[in-house]
Amino acid sequence: MPSPSSHLRAPLLWLLLPLAAGFGAAKHWPLPARGPGLLLAAAAILALVALALAPRVGRVAHAAWAVALTSAVGVTGFVMLHGRDPFLQERSQRPLREVTLQLEVTRIFASHPGSRSISGLARITAAGRNDRDLPGRNIQFSAIRKVSLPPREAARYVMQGILQPLSANPADGGFNDYLENLGVHFQLTRAIIRREVSPPPRMERLRLAARDRLERILRRGLDRHPPIASLYLAMVLGEKAMIASDQQDAFMRSGTFHIFSVSGLHVGVIAIAIYCVFSLSRMPRQPTDILTLAALGLYVAITGGGAPSLRAYLMIFFVFGARALQLPNNRLAALTAAALVTLLIDPMQLFSTGFQMSYLIMLALMAMGNPLSEKWVAAWHPFSVLPRGNWRWRHHVVDQFGRKLLAMLAGCLVAFLASTPAGIAYFQLFSPGSLASNLLVIPAASLALVSGFASLVAGLIGLSPLSSLFNSAAALLLLGIDGTVRRGTSLPGMWFAAHFRAEWMAAAALVAMATVMLAGAAARWSPRWGGYWPPVALLAVTLIFLVKFG
């Protein structure tokens, strides 16, 4: 597939895009009555046709090869998702009733320490005689919290509660849509944990113990400031449930709540910090890369190994892998490989908010952000009438500050263009103030993350006073971030309640924005095709004709 820019190539897009299309088709259409055999046979024939056409030259041969390959991959994706989730199209009409189920907990949703209940996701491993069709299905549960028996991930429990199916078209959207996109069709509510069948594996217990130790290190010196400590833990370890509701609302409306998700920003900053630490030992680059990936993988695992952090880790893994193999530095190829591996591991990630927003923003930054930043920085000549040899230190400071500011502004603008349709679709918020908010918050949040990393390193080697000092530095930064965000969201015009007029419009806007970004980059943002204005025009059309405010 043609690269979005002259220096970026991503051949795996030939597999990623049709695979995603096949998953999308499987989400909306069931398997044919004859089963997957006929479809798999057709995919195999198409693959053989593509293989035969690959060596041939000419436009007709290339077009036929493209059609055969993408069709084969798309059909395979369709069958693959149905095979991974055989209950994908099921819409149960079971009445509410009390059941006793054996569940293997796959995820615990973070809850406030004072909450009387706890919820999460699980897989049904056993059920009663009248529910023999339930084992193997995913379920969301909400159980009464018991101090003597706190549920843990990877453990199995017997729970008794009220089983109810999710509505096929949930009126309230939100959390039900989130569950639907994960392939969860049942909820167990008002549940009681009867007993633990089997504890978590040893590795999971070690992970939880390591996480508790890191939390104790980060709390040093912040006992008298619970609100700031909660922001700190949420930022470094991803414990978003510790954040007060008014704080969550402020960060959500400002478009900066992403700083509390252990995702690209966190993993990237921590990766740079780890790499710098190992680089100080003057080891060769290859051992440094290996140790950085190992330490970064440990951090991702301890913080829960959530989908956002795994996506970011995979991208960094492919970047380092390409460097180890002495391949060109191609971030688009690394992004494509990370997305492909993510979908092969868990196809339902395609329908999650985090997957769509993170990959669309990263794609936009590579396709439009980098060239726009280079253009703006190249046009920055603050002292053009003064020869550079006559510059004093203040001239160099102004020059470097302007370059950094323009590069950040270009990145924030492109991220705003790419994320706005998704923000309206999933959070019912249009936040024009997020452009300025992120410009201020992201640098401060990055410094707070570096302070948190330094605190953890100092605490783990026994330097508790130094750890407390880094915690205090991060607390000061978070105090400034919190105050800025709260005051900013109170200003008129910073955010508006908004939603798409129809559900299909959200997906159309996301696909259209990605297409415009790739097309613009393929044309090298030529003025002949509108330069950098088509994404801006597309967003304007989306807001005017597809979005309803209020």
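Predicted model: local features only at pLDDT ≥ 70, side-chain atom pairs only at ≥ 80, totals over all residues.
Modeller: A helix axis is a line fitted to the C-alpha atoms of the stretch in contact, and the angle between two axes runs from 0 to 180 degrees between N-to-C directions.

Biologist: At what angle do the axes of helix 2 and helix 3 cross?

Modeller: Helix 2 spans residues 36-53, and its axis crosses that of helix 3 at roughly 150°, coming within 8 Å. An angle over 145 degrees counts as roughly antiparallel. Helix 2 is therefore roughly antiparallel to helix 3.

Biologist: Is that crossing of helix 2 and helix 3 left-handed or right-handed?

Modeller: The crossing is left-handed.

Biologist: Which residues make the contact?

Modeller: Helix 2 contributes P36, L39, L40, A43, L46, A47, V49, A50 and L53. From helix 3 come A61, A64, W65, A68, L69, S71, A72, V75, T76, F78 and V79. Sorted by class, the contact of helix 2 with helix 3 holds 18 nonpolar and two polar residues, with no charged ones.

Biologist: Now the other pair. How do helix 1 and helix 3 pack?

Modeller: Helix 1 covers residues 13-28 and helix 3 covers residues 59-84; their axes lie 7 Å apart, at an angle of about 45°. That angle makes helix 1 oblique to helix 3. The crossing of these two helices is right-handed.

Biologist: Which residues of helix 1 and helix 3 meet?

Modeller: On the helix 1 side they are W14, L15, P18, L19, G22, F23, A25, A26 and K27. The helix 3 side has W65, A66, L69, T70, V73, G74, G77, F78, M80, L81 and H82. In the contact of helix 1 with helix 3, 14 residues are nonpolar, five are polar and one is charged.

Biologist: How many helices and strands does the protein chain have?

Modeller: There are 17 helices and eight strands. The C-alpha atoms fill a box of roughly 85 × 70 × 55 Å along the principal axes. For 550 residues, a compact globule would have a radius of gyration near 24 Å, so the 25 Å of this chain agrees with that expectation.

Biologist: What pLDDT does the protein chain average?

Modeller: pLDDT is the predictor's confidence in each residue. The chain averages 84, and 92% of the residues score at least 70.

How values were computed. Residues numbered from 1 in each chain as written. Heavy atoms only, no water. Helix = DSSP H or I, 4+ residues; strand = E, 2+ residues; numbered from the N terminus. Parallel < 35°, antiparallel > 145°, perpendicular 65-115°, else oblique. Left-handed = near helix turned anticlockwise from the far one by under 90°. Contact = heavy atoms within 4.5 Å. Nonpolar A, V, L, I, M, F, W, Y, C, P; charged D, E, K, R; others polar. pLDDT = per-residue confidence, 0-100. Rg over C-alpha atoms; globule rule 2.2 N^0.38 Å.
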